[in-house]
Structure formats: C-alpha cells, structure tokens
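Here's a quick briefing to read alongside the model. Have the sequence and the coordinates open as you go.

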Amino acid sequence: LQLAFIDNIMPRFFMNIAPTLTLDLYATVLDESKQYFRDARARDFGVPIEQLMSHGDARAQNLANFEALLKDVVKWMAVNGENARYITGDVACNADLFCAGTLIFIMRVGGKEHALAKIIRSVDGGRLMQYVENMERLA
C-alpha cells in the first residue's frame with residue numbers, strides 16, 4: 001500500500017506544487033545559492049523558473065488539481081477506516097513521511113496565507129491539517 005501510494009500520489013504532488021511554490025522557495029534561498037537554484041530548476045523543468053510558475057487559468061487549474069489530489073489522499077486514509085490517522089491506518093509509515101513532509105514543506109515555505117496552504121487547511125473539514133499536526137509531533 002505504501003509503495004502504491006508513493007508511486008501514484010507523490011508525483012502528482014510535485015506536478016502541482018512546482019508551478020505554484022517555486023518562487024516562494026526561491027525567496028528563501030541564500031544569495032550565493034540563487035544562481036545554482038535557478039540553473040538547477042531550469043535543467044529539471046526545461047524552462048526558467050518564471051516560466052515554470054503558473055498564472056491565471058493555469059494557476060487555477062493547478063490549485064484545483066492540488067485540491068483533488070488531497071481529496072485522494074483522504075480517500076487512501078479512509079480505506080483503512082473512517083477515523084484512520086495515517087495513510088495505512090493507525091500507525092505512521094514511510095508514505096506518511098513523504099506526504100506529510102511535503103505538506104509541512106508547503107506550509108513553511110508558502111506560509112499560512114499561500115493558496116496551497118489554504119487548500120490543505122480546508123480539505124475534508126480540516127482532516128489533513130490535523131494529519132499535518134500529528135506528523136509534526138512525530139518529527
């Protein structure tokens with residue numbers, strides 16, 4: 001189950017996070033590392049970071065895709081019971097480290113008012129925010 005989650009869910013995270021969070025992350029990079037960051041992202045994505053960022057309709061679609069992705073995460077959790085705290089049930093696993101680590105990263109880099117953070121807080125009545133808080137306690 002963990003491997004299936006990592007193979008099917010995690011790539012969707014990165015596809016929808018990169019176009020909406022990269023410039024926020026860039027702002028936190030040390031000045032002496034900024035050029036490396038730009039060059040590495042251009043190599044990874046094939047375009048400069050300014051072109052990677054989504055705007056207008058494309059941004060709205062990225063955010064909608066991210067919300068749908070988080071709803072899928074909740075469905076994975078629900079397979080293990082309505083009150084499952086983690087992806088595979090009541091015990092955190094490697095898939096939780098990947099998933100929650102990514103959500104925590106978004107919250108810290110983007111801040112509470114970032115569009116992605118607002119989606120995290122809203123999905124399934126705040127269930128994923130509780131999940132993030134549970135995982136932060138394990139760190």
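This is a predicted model: local features need pLDDT of at least 70, side-chain atom pairs count only at pLDDT 80 or more; totals for chains, interfaces and linings use all residues.

Residues are numbered from 1 along each chain as its sequence is written, and side-chain values use heavy atoms, with hydrogens and water left out.

**Confidence**
- pLDDT is the predictor's confidence in each residue, from 0 to 100; the protein's mean is 90, and 99% of its residues reach 70 or more.
- Helices here are DSSP runs (H or I, at least four residues), numbered from the N terminus.

- Buried means under 20% relative accessible area, exposed over 50%, and partly exposed in between (1.4 Å probe, protein chains only).
- C93 is buried because its relative accessible area is 11%, and C99 is buried too, at 0%.

**Nonpolar core**
- A nonpolar core is a set of buried Ala, Val, Leu, Ile, Met, Phe, Trp, Tyr and Cys residues joined through side-chain atoms within 4.5 Å.
- The largest one has 36 residues, and F13, F66, L103 and Y131 touch the most other members.
- At least two core residues come from each of α1, α2 (10-26), α5 (56-78), α6 (94-110), α7 and α8 (127-138).
- Contact means heavy atoms within 4.5 Å; leaving aside residues up to four places away in sequence, F13 touches F66, L69, L70, V73, C99, T102 and L103.

**Helix α8**
- The twelve residues of α8 should span 16 Å at 1.5 Å a residue, and its end C-alpha atoms sit 17 Å apart, which agrees.
- That expected span is 1.5 Å times one less than the number of residues.
- Buried residues of α8 are R127, L128, M129, Y131, V132, N134 and M135, and what covers them includes α5, α6 and α7.

**N62**
- N62 sits in helix α5 and counts as buried because its relative accessibility is 11%.
- Not counting residues up to four places away in sequence, N62 touches M15, N16, P19, T20 and S54.
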